[in-house]
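Let's take a walk through a protein structure and see how its parts hold on to each other. Keep the picture open while you read.

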Amino acid sequence: MNALTLDTRSDLLPPRRALAAYLTETRFEFMRMLRNPTLVIPVVLVPLALYLLFAVVIAGEAIAKDASLGVYLFAAFAVMAVTMPALFGISASLALEREMGLMRLKRAQPAPPGSWLVAKIVCGVVFCVLAYLPMLAAAILAGTLPLDAGQIVLISLALIAGSIPFCALGLMIGALVKGSAAPGYANLIYLPGCYLSGMFFPLPASMHWQTPVWPQFHITQLAMYAADVTKHQHIPVQMAIAALVGFTVLFSAVAIWRLARKG
Amino acid sequence: MNTDSQRLHSLDAVRGFALLLGVAFHAALSFMPGWPPGIWAMNDNSPSQFLSDAGFVTHIFRMSLFFFIAGYFARLLYHKLGARGFWANRGLRIAVPLVAGWVVLFPIIGYVWTAGITKVFGGAPPAMPEMPKVPGAFPLTHLWFLYQLLTLYVAVTLLRAVFERMGDAPKQKLRALADAGISGALRLNIGVFTFGIPVAAALVSLPIWFYWQGIPTPDQSLIPQLPATVGFFTAFVIGWLVNRSSDALTILAKKWWVNLAFAVIATGWLLHVVHTTPMATPGTTRTVYAYVFGVAIWAWSLGLTGAALRFLSNYSAVRRYIADASYWIYLAHLPVVAAFQVWAGHWPLHWSVKYPFILVASFAVLFLSYHLLVRPSFIGQLLNGRKYPLRKPKQDPAAASVPISPLPHDKGNGSSVATLRGITKKYGTNVALSGVDIELRPGELLAVLGPNGAGKTTAISLWLGLTEPDAGEVTLLGGSPQQIDRRRGLGVMMQDVEMYKELKVRELVALASSYYTNPLPVEDTLHRSGITALADKPYGKLSGGQKRQAQFAVAICGRPRVLFLDEPTVGLDVQARELLWLNVRILLAEGCSIVLTTHYLEEAESLASRVAVLARGRVIASGSVDEMRALVARRQISCETSLDAGAVRQWSGVSETRRDGARLNIVATDAEAVVRRLLTEDSNLRRLEVREAGLAEAFTALTREAA
């Protein structure tokens, strides 16, 4: 706005250095995650155990008769696997960092405004891949995922891309609430969505109007298109993609806005 | 004055935008998939779902937005010209274009429509439907908005007349209520969710309603139609009240993205419903839809207005020209757009080629006609209140007559690195800083002293861009600390900050270095800070003092021009503290400017070029260390005497006394007189000492006086 007369050029970060700042931030975020393995285990194990229980042990026979049920259940638990680390991992770590005053320091320092955001989202997605692969392996070994190789690649890509809005949701929660409250609020938003989105069981028609509100609905829809299960496709695929992009933009915007003011 | 005119620039831009959006909307109507032939002048052979969706979205809000801005300007004009002048003006600008425009345009529109429909039906068009035989039926065409505007002016004039007849007390009450209501509704985001309720109720009451059509266009009748009148009247009145309010526009400018975010969410859902169930049968969905539609109208209208206030507040000759042109363009566009649609309708080309063609061609014709026929002629005079000669003189009268926003000028002259000017900052009711002026000059170390809660950390936060003042101006390196490029010149060591405990010290320094343009090599930073030995330890395993050292390394890694040290030596052992002091002196010698807050007065005394003392959010003293001592001009007298401390305290020239066993300590403003009197009154007085007061005494005395 003001002070155009002063030479600010010398303080501009050249593109190469800006890129380096983003990479450095991401690299160290990843190293922190690797050095803190206790967080990884429950997030990987819980969806896997639930999947084995419900899809393999309980519904195994039904899946043998109706292939679309197998995909439906796989998608449901895989969505859980890819969204939980994104949401809970990021919201808790960001809330803690805010409590430590780190976000204030980063802002003053001055970290490029998007670098921590990109770092957290990239690491969140990597974390999701780590949680997803064991479940995929289990489903293929147990024969409860009746899809061909191409479809498996597509559904995997859809699910992993679908974790991004949840990374953003994690950022938003982490930016809005303080340390220990973050997992509580994350659950408050996440759990109702798992049921009301029709992710775990099909909903009666009278409840369909509210499903688009939940990000879980759109990522499940994306998976249904990837696996070509027409029975469970309720909205056009473009709309599911648009909604997921919209959620990502909205959640990240709230997070950035909040952190720009409160740190 | 300037801010007012800046606001008008933005609102002018919004009005122009709403009108030009209407042109784009109508240009899309020949591409609507599934529309039966005859509804529009042309049914293109390459329909587009995308244009249908885009058209739907713009149609949600464009007219409401227009009437909202119209309400704003109406009040402005009403108060400028009075009721009579207002109507004279509106008669010329609105009623005359309505009548004259209709007379000229209706036959042309009819001709283009006939040609188009003949083409659509392959040369054998069915008979044109008769106008319905109901009272008031009249083909207003797209000029209906002028008619609607006139009815709103009538309504608001009547309301004003009623209001004027009220007593003064209820008038004041109503005014206060309206102002508080509008600013509260905008500030708390209630407006987005409530302003649309009246129009939603009117829409739900319709016997037949297609979701896509939104507020049914009242272009077939002179009798005001319910949903349009309710919806546009609400918009108009809210625009009027926003003009009344002192802070509504400021709030809108702040909340632009919140409102746009609501708009995107609501619109996404509406699109979903339009795709799944186009026909609105009465029921829950229809009611919810109508409500969300109202939310979308207001979220878009408030959001776009806010964004314009935020981003388009400066004067731009191009925007001004377009805004001036938009009225004529909207009036004249329909036959032009329809003619291009009819012409291009059967071309064997994709809509993504034809639609841009129609748009570009129409705008070319319309802008050209504006520039040549309207702007320099009586039509321009009529529509926009003035005409511009076609060949412009050297100085553009448009630019000359319009107040140009002041050029941004740099108030930070070269002599200060960072300043706080007239700063007031409150947290709730707690005043952290009040009217504070502090300046940091190049190459100096400014020590900011003060008791806990004096506002030191708030002052630092302002300089770091972490918080913004309620009043006053903060500069850092000649600009605002909100600009990241300015902050690249600073280094900072904050209080109460923990760093990533999993990362090693070297990694923390490397991470911080990556933020700066030209940082020190990591090893140099570690070496200078004396923590090479700690480099491979995780931060979480360091002692308190070691953590402060690591933070200091992080603060200096970017070769800062300004360094902010907030209580840097708390928890350091003597050796580490001396190393830090040494580093600070080296940085000063290299030309770095430093702000230091500290509780350790000897630290300030040994390092500072200048001192500013804060107490209760005010600067109570500032100057060099010597000046500070002189300012308080106190000396410390100490002796063994039997005189009563309380009695001595009453002497003139004594500011305080303290008994310490046999010794009496006196702080005196006139030491010579006090010593003379002491010797006179107590002949047994022993071990007399007189010395200059240190910064500690000065500080204590000053802050006590402030309290």
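## Chain B at a glance

Before anything else, keep in mind that this is a predicted model. Of the 707 residues that make up chain B, 52% count as buried.

What about the surface of chain B? It exposes about 31200 Å², and carbon and sulfur atoms supply 62% of that. Now look at who touches whom: among contacts in chain B with a separation of 6 or more, 74% are between residues 24 or more positions apart.

## Where the two chains meet

Next, turn to the place where chain A and chain B touch. In general, the size of an interface is often given as the accessible area lost when the parts come together. Here, chain A and chain B bury about 4400 Å² between them, with 60% of it on carbon and sulfur atoms. Chain A brings 45 residues to the contact, and chain B brings 49 residues.

How many residue pairs are in polar contact across the interface of chain A and chain B? The count is 15, with both residues at pLDDT 80 or more. On the side of chain A that touches chain B, helix 1, helix 5 (102-108) and helix 10 (237-262) of chain A each supply at least two residues. Helix 1 of chain A gives the most to that side, with eight residues. Sorted by class, the side of chain A that touches chain B has 26 nonpolar, eight polar and 11 charged residues.

## Salt bridges between the chains

Side chains of opposite charge can pair when their charged atoms come close. Searching the whole structure turns up 30 salt bridges over all chains, and two salt bridges are found across the interface of chain A and chain B.

One pair is A:Arg32 and B:Glu502, whose closest N and O atoms are 3.1 Å apart. To find this pair, look for A:Arg32 in helix 1 (residues 15-34) of chain A, then cross to B:Glu502 in the loop between strand 5 (490-493) and helix 17 (505-513) of chain B. Are these two residues buried or exposed? Both A:Arg32 and B:Glu502 are buried.

Another pair is B:Glu507 and A:Arg35, which meet in a salt bridge with an N to O distance of 2.9 Å. B:Glu507 sits in helix 17 of chain B, while A:Arg35 lies in the loop between helix 1 and helix 2 (40-58) of chain A. B:Glu507 has a relative accessible area of 11%, so it counts as buried. A:Arg35 is at 33%, so that residue is partly exposed.

B:Glu473 has 22% relative accessibility, so it counts as partly exposed. B:Arg421 is partly exposed too, with a relative accessible area of 29%.

Finally, which residues are joined into one network by salt bridges that share partners? From chain A, the members are A:Glu29, A:Arg32, A:Glu97 and A:Lys120. From chain B, they are B:Lys501 and B:Glu502.

How values were computed
Residues numbered from 1 in each chain as written. Chains lettered and ligands numbered in written order. Predicted model: local features only at pLDDT ≥ 70, side-chain atom pairs only at ≥ 80, totals over all residues. Heavy atoms only, no water. Buried < 20%, exposed > 50% of the residue type's maximum accessible area, 1.4 Å probe, protein only. Contact = heavy atoms within 4.5 Å. Areas by Shrake-Rupley, 256 points an atom, 1.4 Å probe, with all protein chains shown as cover. Salt bridge = Lys/Arg side-chain N within 4 Å of Asp/Glu carboxyl O. Helix = DSSP H or I, 4+ residues; strand = E, 2+ residues; numbered from the N terminus. Buried area = accessible area lost by both parts, 1.4 Å probe. Polar contact = N/O pair within 3.5 Å; in protein donor to acceptor, adjacent residues only side chain to side chain. Nonpolar A, V, L, I, M, F, W, Y, C, P; charged D, E, K, R; others polar.
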